[in-house]
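Work through the exercises below with the model open. Try each task before reading its solution.

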Amino acid sequence: MQLLVPGQHTMGNCCWTQCFSLLHKEGGLMQTGGSSAGSKCFRACPRVHDLIFWRDVKKTGFVFGTTLIMLLSLAAFSVISVVSYLILALLSVTISFRVYKSVIQAVQKSEEGHPFKAYLDVDITLSSEAFHSYMNAAMVHVNKALKLIIRLFLVEDLVDSLKLAVFMWLMTYVGAVFNGITLLILAELLVFSVPIVYEKYKTQIDHYVGIARDQTKSIVEKIQAKLPGIAKKKAE
């Protein structure tokens with residue numbers, strides 16, 4: 001398990017910042033067809049790319065298996081129960097190992113000391129510089145999200161607001177069938193399966209996605225032409 005210490009946050013923070021910046025510049029996955037922005041995002045986040053593309057089967061299998069088990073546990077039990085059992089399991093391992101090493105040292109009369117001393121000596125204090133760096137990076141995305149919310153709800157662009165309304169209407173049907181944990185489970189299954197399938201059948205998928213995107217664009221243009229004020233705005 002890798003511990004986060006001051007000075008080690010830069011790479012991961014930069015990775016996600018580059019990813020969000022690329023998606024923002026590309027206009028989002030849905031508006032660009034997904035492949036371009038998604039590929040650039042993965043190139044900006046090599047660790048995430050290697051993880052979801054199963055470059056290291058053992059590492060990806062461990063992450064996928066543990067998170068899936070946790071989500072399935074949350075679906076069957078309460079959050080308090082799941083967290084309590086996880087803590088108990090971790091404590092059972094560490095206490096058992098601590099007692100085992102103490103017995104071995106007593107029998108062998110060795111002076112190895114505490115078995116977790118190397119981890120106890122690690123400095124995991126979050127410095128003020130690291131905290132402000134995280135907060136500044138978070139505030140950039142919070143401000144962008146607030147601006148987007150204002151644009152959509154105050155109808156700066158009628159088409160974008162209508163898209164949100166249609167999406168929310170569809171989500172009411174999704175919410176009637178699935179709960180949040182079920183959606184998270186489905187999302188994880190898709191994250192760890194779709195990218196590798198796309199990599200294998202990239203040409204065919206891009207072809208059909210291009211056809212669907214062209215048809216969607218044609219329909220949107222027809223709707224925009226019939227909506228009052230939209231055509232005039234585009235001409236200007």
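**Exercise 1: A glutamine and its surroundings**

Gln105 lies in helix H6, residues 79-108. The model is a predicted one.

Task: Decide whether Gln105 is buried or exposed, and find which backbone oxygen its side chain reaches.

Solution. 
- Step 1. Take the relative accessibility of Gln105, 15%. Buried means under 20%, so Gln105 counts as buried.
- Step 2. Follow the side chain. The side chain of Gln105 comes to 2.9 Å from the backbone oxygen of Gly113.
- Step 3. List the contacts, leaving aside neighbours within four places in sequence. Gln105 touches Ser110, Glu112 and Gly113.

**Exercise 2: Checking helix H9**

Task: What should the 20 residues of helix H9 span at 1.5 Å a residue? Then find which residue caps the N-terminal end of H9.

Solution. 
- Step 1. Helix H9 covers residues 158-177. The expected span is 1.5 Å times one less than the number of residues, so H9 should span 28 Å.
- Step 2. Compare with the model. The end C-alpha atoms of H9 are 30 Å apart, which agrees.
- Step 3. Look at the N-terminal end. Asp157 is the cap: one of its side-chain oxygens lies 3.0 Å from the backbone nitrogen of Val159.

**Exercise 3: Aromatic pairs**

Task: Classify the ring pair Trp54 and Phe192, then the pair Trp169 and Tyr173.

Solution. 
- Step 1. A pair of aromatic rings is described by the distance of the centres and the angle of the planes. Rings pair if their centres lie within 6.5 Å, and planes over 60 degrees apart count as edge-to-face. The count comes to five aromatic pairs.
- Step 2. The rings of Trp54 and Phe192 have centres 6.3 Å apart and planes at 80°, so this pair is edge-to-face.
- Step 3. Trp54 is in the loop between H4 and H5, and Phe192 in the loop between H10 and H11, so the pair ties together parts 138 residues apart in sequence.
- Step 4. Trp54 is partly exposed at 26%, whereas Phe192 is buried at 10%.
- Step 5. Trp169 and Tyr173 have ring centres 5.2 Å apart and planes at 85°, so they are also edge-to-face. Both sit in H9, four residues apart, or about one helical turn. Tyr173 is exposed, at 52%.
- Step 6. Look for a cluster. Ring pairs join Trp54, Phe64 and Phe192.

**Exercise 4: Annotated spans**

Task: Which residues does the UniProt annotation "transmembrane region" cover, and how far apart are the end C-alpha atoms of each span?

Solution. 
- Step 1. The unreviewed UniProt entry gives residues 62-91 and 176-198.
- Step 2. Residues 62-91 are 93% helix and 0% strand, with end C-alpha atoms 20 Å apart.
- Step 3. Residues 176-198 are 83% helix and 0% strand, with end C-alpha atoms 30 Å apart.

Conventions
Residues are numbered from 1 along each chain as its sequence is written. This is a predicted model: local features need pLDDT of at least 70, side-chain atom pairs count only at pLDDT 80 or more; totals for chains, interfaces and linings use all residues. Side-chain values use heavy atoms; hydrogens and water are left out. Helices (H or I, at least four residues) and strands (E, at least two) are DSSP runs, numbered from the N terminus. A polar contact is a pair of N or O atoms within 3.5 Å; within protein, one must be able to donate a hydrogen and the other to accept it, and residues adjacent in sequence count only if both atoms are side-chain atoms. Rings of Phe, Tyr and Trp (its six-membered ring) pair if their centres lie within 6.5 Å; planes under 30 degrees apart count as stacked, over 60 as edge-to-face and the rest as tilted. Buried means under 20% relative accessible area, exposed over 50%, partly exposed in between (1.4 Å probe, protein chains only). Contact means heavy atoms within 4.5 Å. UniProt positions are given in the numbering used here, feature names are shortened, and annotations may be inferred rather than shown by experiment.
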